[in-house]
Amino acid sequence: MTFSFSAPTALEYFDSLVKSDDQFPLLEAATSLAQDEYPELDVQQVLGDVDQLLARLKRRLPADAAPLARLRALNQFFFHDLSFGGNVNDYYDPDNSYLNAVLRTRRGIPISLAVLWMELAQGLGLQARGVAFPGHFMMKVTLPKGQVVIDPFTGKSLSREDLSERLEPYKRSNGLVGDFDVPLGLYLQPATPREIIGRMLRNLKEVHRAQEDWQRAIAVQDRLVALLPEAWGEHRDRGLAHAAQGNTAAAVRDLETYLRHAEEALDLDAIAERVAALRRALN
């Protein structure tokens, strides 16, 4: 009797990681996003590199260090000694979203830096969570005397006044002023691991769409559909990317899935017309 085993594809591997919300492996799932761009990437090696950073950090602290002391040591280590920070010179470089590249260059965007920082924070026993703040991902740590909100781009802690100031343009542009204003705390709710991976993928999606790099955009959309199978807009966007790439049959399948499920969407007529045109091209 012979057995035939084949390694999972990068998408199959990702799909296996994000199937369930129970013990969702945030760092591993985030690292795996780079496999589309770096097919030979050893995800476990990247996880091991982060473990080594954590071991170095732990050696700096006594076992009974207070939470505030652990937080200060982490920020000193991450933002100053290792010099992690935002890539202000090339913010839209896709490498800013790939953790293997961020570890190598020490440069990233807020959410990729936050994922690495949070892994170290949690390894130190800190209650650290990501915050899907409008326009700029944040991190927060719960300490005995309250919460600290940190900007992963700079490592600076932010006061309520700082956060409110950053929110003002978002609130004005979305009409969330006066009677429609909501408390600051609602913007500081923790993001789930699934939401964090979704936001990372959508960052990559926008980069590739802006560059009209449809092949890479489709790879990202494949992951978004695996992550969020009932986010019907992601099926639509994959279909549109397929259409732009010339994959007409695949485009029709995705767009028809969208039409079947997105019953109250405002663009149904436009998408239906697009499907009709694509079907004519197939005949």
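Student: What should I know before I start?

Tutor: The model is predicted, local features need pLDDT of at least 70, side-chain atom pairs count only at pLDDT 80 or more, and totals for chains, interfaces and linings use all residues. Residues are numbered from 1 along each chain as its sequence is written, and side-chain values use heavy atoms, with hydrogens and water left out.

Student: How are two packed helices described?

Tutor: By the angle between their axes and the distance between the axes. Axes are lines fitted to C-alpha atoms, for helices over the stretch in contact, and angles run from 0 to 180 degrees between N-to-C directions. Helices are DSSP runs (H or I, at least four residues), numbered from the N terminus.

Student: At what angle do H6 and H8 pack?

Tutor: Helix H6 (residues 110-123) and helix H8 (residues 193-210) pack at about 150 degrees, with axes 10 Å apart. That makes H6 roughly antiparallel to H8 (over 145 degrees).

Student: Which residues of H6 and H8 meet?

Tutor: Contact means heavy atoms within 4.5 Å. From H6 come Ile 111, Ser 112, Val 115 and Met 118; from H8 come Ile 196, Arg 199, Met 200 and Asn 203.

Student: And how do H3 and H4 pack?

Tutor: Helix H3 (residues 43-58) and helix H4 (residues 67-81) pack at about 125 degrees, with axes 10 Å apart. Leu 53, Arg 56 and Leu 57 of H3 touch Ala 73, Leu 74 and Phe 77 of H4.

Terms used
Helix = DSSP H or I, 4+ residues; strand = E, 2+ residues; numbered from the N terminus. Parallel < 35°, antiparallel > 145°, perpendicular 65-115°, else oblique.
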